[in-house]
Amino acid sequence: MSLQIWAGNINALSYSSDSPQFVWGDRVRVTDKYHGPQPLCAASMLPRGAYGSGLRAGYVVNQCTCSTKRGGIGELTIEWEAGGTGASSPLPSGEVILTPQEFYPKVERNAYFSNGGNFLLAMDIAMAYASVHASTTIYQQNALAQLAARAASSTPSIAASATLALALAEMLQKGEETYYQAGFRLVWTWFTYTLPTINVGGSIQSPVGIAPINPTFSAPISWLRLADSWEPAGVNGSMWKMTNIWLGGQAGYWDTNLYP
């Protein structure tokens with residue numbers, strides 16, 4: 001049986017008849033195969049992370065192999081995946097996850113202390129805390145006496161605030177300093193071939209129209225945008241996985257003086 005030898009052009013590779021091969025899975029991949037003299041195949045190998053041109057513009061080398069057959073015939077296999085600024089192939093699918101987020105605001109923020117349009121004055125809140133946490137019993141008793149006197153005031157707003165503060169002091173005495181409030185954490189992950197501007201967060205922003213989700217809540221929700229995060233998801237910076245996060249609290253939870 002005669003030895004198989006390469007009968008083609010010794011200075012050029014021959015593109016395999018079963019190429020290219022396309023795979024659309026978690027990302028778009030293309031495989032090219034070439035045949036030729038083994039030394040030429042080895043010399044034509046591309047490093048992982050090399051960006052393509054021509055028909056392979058918008059792709060990056062994921063893996064390159066060179067195998068040797070009988071007679072010194074080589075087979076060069078280049079596996080490409082879509083990536084880079086010139087990529088136009090479909091991106092991997094992202095996902096949206098909505099999970100409960102527990103908030104424990106201070107008890108004086110509860111709607112109980114704003115029923116009927118009345119509200120706590122700052123000085124009454126301070127005296128309520130002093131009546132429980134002041135350093136001496138005398139100071140505690142003095143704070144409680146001042147609240148009682150203000151609750152008997154002829155000025156309705158002062159009397160209403162002090163009355164609420166007495167209720168606050170009673171809750172604090174029981175150890176009820178915070179209360180449970182349901183909120184949500186929305187995480188949107190998506191992919192991009194070019195690294196976008198990173199949002200530093202710290203602003204009130206609705207995710208509706210940004211993340212592909214529009215759930216219905218039983219009460220109005222106010223959303224706080226957190227800082228973005230990103231991580232490489234492709235070879236040599238050819239694709240990025242972006243993560244956007246929002247925290248949702250009941251309407252009015254986020255102070256607009258702190259979060260524009």
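The model is predicted, so local features need pLDDT of at least 70 and side-chain atom pairs count only at pLDDT 80 or more, while totals for chains, interfaces and linings use all residues. Residues are numbered from 1 along each chain as its sequence is written, and side-chain values use heavy atoms, with hydrogens and water left out.

Select Val107, Phe113, Leu120, Ala128, Leu168 and Leu172, which have the most contacts inside the largest nonpolar core, a set of 16 residues. Such a core joins buried Ala, Val, Leu, Ile, Met, Phe, Trp, Tyr and Cys residues through side-chain atoms within 4.5 Å, buried meaning under 20% relative accessible area with a 1.4 Å probe and protein chains only. At least two residues of this core come from each of α2 (122-133), α3 (137-151) and α4 (156-173), helices here being DSSP runs of H or I with at least four residues, numbered from the N terminus. The largest share, 7 residues, belongs to α4.

Next, centre on Leu172, which, leaving aside neighbours within four places in sequence, is in contact (heavy atoms within 4.5 Å) with Val107, Ala128, Tyr129, Val132 and Glu177.

Now show α4 whole: the buried residues of this helix include Ala160, Leu164, Leu168 and Leu172, and what covers its buried residues includes α2 and α3. Just after α4, Gly175 takes a positive phi of about 90 degrees.

Finally, select the contact between α2 and α3, where Met123, Met127 and Ala128 are among the α2 residues and Ala143, Leu144 and Leu147 among those of α3. By class, this contact has 8 nonpolar, 4 polar and 2 charged residues, where Ala, Val, Leu, Ile, Met, Phe, Trp, Tyr, Cys and Pro count as nonpolar, Asp, Glu, Lys and Arg as charged, and the others, Gly among them, as polar.

Notes:
Buried < 20%, exposed > 50% of the residue type's maximum accessible area, 1.4 Å probe, protein only.
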